[in-house]
Amino acid sequence: MNAGPRMPGNRDEWAPLLQSLRQRRRDARAMGGEDKLGRYRTRGRLDARARIDALLDPATFAELGTLAGDSGVPADAFVAGSGLVGGRPVLVGAEDFTVAGGSIGVAAASKRTRLALLAKQERVPLVLMLEGAGHRPTNSLTAHRPAPNDLQALAELAGLVPTVAIVTGPSAGHSALAAPLSDFVVMAGQQAALFTAGPPLVAASLGEQIGKADLGGPRVHAVASGVAHNVTEDHPTAVTLARRYLSYFPGSAWQRPPRASGTDAVDTGPRGLEDLLDLIPPNSRRPYDMARVLDRLVDAGSLLELQPQHGRSLITALARLGGQPVAVVANQPLVLAGAIDVAAAEKAARFIEVTGAFHLPLVLLADNPGVLSGSASERAGILRAGARMFAAQHRSQVPKLHVTIRKAFGFGSSVMGMNAFDGQTVSLAFPGVTLGGIPAAVGGSTAKADEETRKALLDNESQGPWKLAGSVSYDEVIDPRELRNALLAALTVSSTRLSAPAEPVNHTGYLR
């Protein structure tokens, strides 16, 4: 195509403008300078731009707001833009600790808000990499401009697009709040920490002398508080884990989860599970490792447990069954005999809400003596937490696949979705399961029942699933070796629903 006559002087007039742009970009991309970056890297850590490069597919990063901020504060300590993860678009932002301690300036705050608004507008996931000191004190010297802030915009993404926070170092105040507002939180190594206020402020305001790790490190948030989901050895493994997490989810609630295809479609067909007879003792009082059962049940290499150190009597995991991404909630008999405590109930409720918002079928494997009783459990709020878990699975609109493995008592059966008439696609049981409001021996004793009534209660309990199967409270009683194939068949029944156009199921977002 003829572009028209060439004006000889135009190119020369562009030259100084383009030279100025190149220099400004060079300054903005220098981050904290080679000295700071060198010290940072010698500690085995990736700088902000290297973290983004590690997350994204090669050569796909398109930066946003490169020239934002004041002179001398490159990119205003926040590198942001878009790219691809597994060939699918994402938005990403990384706090740059080598510039002003990664603090949030006025321009950086606008960039953070812009990213979250774009994620909602374009319906793509958002990944934030946190390592900063919160808002910059000098922000108060700038005139206030009424506008949505980044936390408001981030909260609006709940249930609409997947959100991930990777904590790569100490993150305090406003910065740290992005973690609990995200769907998935990874702490990269033992140097990662989250706190409302750092050790100096805690010492000044409360007189408490405490280090970063003890105040908000992985032992605090991945084990005790449950704010973080998983902990990795270092930065590279954290971004790899984030990529893997996103692979189970659609780009937004308007899409369906991506099925495995091509080289990723491994072990997607039917197969028997012969070794489950060795792994699971029929005696419900004997423990076993549910994680080993799940590893054999799902497609090979697809099991990703979330929050493995928190609420350990219950497993929450992402996996694939027949190439279909699924959400798994399973009691862990190795811990508290599988009883559901407050931490387990709360983590399960949020997991069900998050995965349900993005249309992942829910697989529930029950093997528990109930929700945890006792004074400590009551004071911790087990009734509230158990009720939230029950409500989450009841409200879930995805295909629900329930299996009672050995036992399910009282409210422990309800929170694990045992009722086949509660929207379940299938409700299954193994032979020999024991069921009831409470274990029969305990119930007879507490009710001060006579010997004949106690015997009747024990006999009723010993009938296992047969009575309920007779009334179609279970769809089927299966041989444990048939478990995978039975679940694959249930997913086939749901295939029309799973392939239908998706729409958000919860426009207001789920409880954080």
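This is a predicted model: local features need pLDDT of at least 70, side-chain atom pairs count only at pLDDT 80 or more; totals for chains, interfaces and linings use all residues.
## Overall architecture

The protein chain contains 21 helices and 17 strands. Of its 512 residues, 51% are buried. The accessible surface of the chain comes to about 23100 Å², and carbon and sulfur atoms account for 56% of that area.

Contacts across the sequence were also examined. Among contacts between residues at least 6 apart in sequence, 75% join residues at least 24 apart.

A search of the whole structure finds 20 salt bridges. One of them pairs the side chains of Arg 49 and Glu 63, with an N to O distance of 2.7 Å. This pair links distant parts of the chain: Arg 49 belongs to helix α3 (residues 48-55) and Glu 63 to strand β1 (residues 62-64), the two residues being 14 apart.

Arg 49 counts as buried because its relative accessibility, 13%, falls under the 20% limit.

## Salt bridges: Lys 120 with Glu 156

A salt bridge also forms between Lys 120 and Glu 156, whose closest N and O atoms are 3.5 Å apart.

## Salt bridges: Asp 479 with Arg 481

The side chains of Asp 479 and Arg 481 meet in a salt bridge, at 2.8 Å from N to O. Asp 479 is partly exposed at 23% relative accessibility, and Arg 481 is partly exposed with a relative accessible area of 29%. Elsewhere, salt bridges that share partners join Arg 29, Arg 49 and Glu 63 into one network.

## Ser 413 and its surroundings

Ser 413 is found in helix α16, which spans residues 411-415. Its relative accessible area is 10%, so Ser 413 is classed as buried. When residues up to four places away in sequence are not counted, Ser 413 touches Asn 368, Ala 408 and Met 418.

Rolling a probe the size of a water molecule over the atoms shows where empty space is left. In this model the count comes to 1 cavity of 30 Å³ or more. The largest cavity has a volume of about 50 Å³.

The lining of the largest cavity consists of Arg 112, Ala 116, Leu 126, Leu 128, Asp 150, Leu 151 and Leu 154. By residue class, the lining divides into 5 nonpolar and 2 charged residues, with no polar residues. Helix α4, strand β4 (126-130) and helix α5 each supply at least two lining residues. The largest share, 3 residues, comes from α5.

Terms used. Residues are numbered from 1 along each chain as its sequence is written. Side-chain values use heavy atoms; hydrogens and water are left out. A salt bridge is a side-chain nitrogen of Lys or Arg within 4 Å of a carboxyl oxygen of Asp or Glu. Helices (H or I, at least four residues) and strands (E, at least two) are DSSP runs, numbered from the N terminus. Buried means under 20% relative accessible area, exposed over 50%, partly exposed in between (1.4 Å probe, protein chains only). Contact means heavy atoms within 4.5 Å. Accessible areas come from the Shrake-Rupley method with a 1.4 Å probe; for residues, only the protein chains shown count as cover. On a 1 Å grid over the protein atoms alone, a cavity is a set of points where a 1.4 Å probe fits but cannot get out, and a pocket is an open set with protein on both sides within 12 Å along at least five of seven lines; lining residues have an atom within 4 Å of a point. Grid points are joined across faces, edges and corners, and a volume is the space filled by probe spheres set on the points. Ala, Val, Leu, Ile, Met, Phe, Trp, Tyr, Cys and Pro count as nonpolar, Asp, Glu, Lys and Arg as charged, and the others, Gly among them, as polar.
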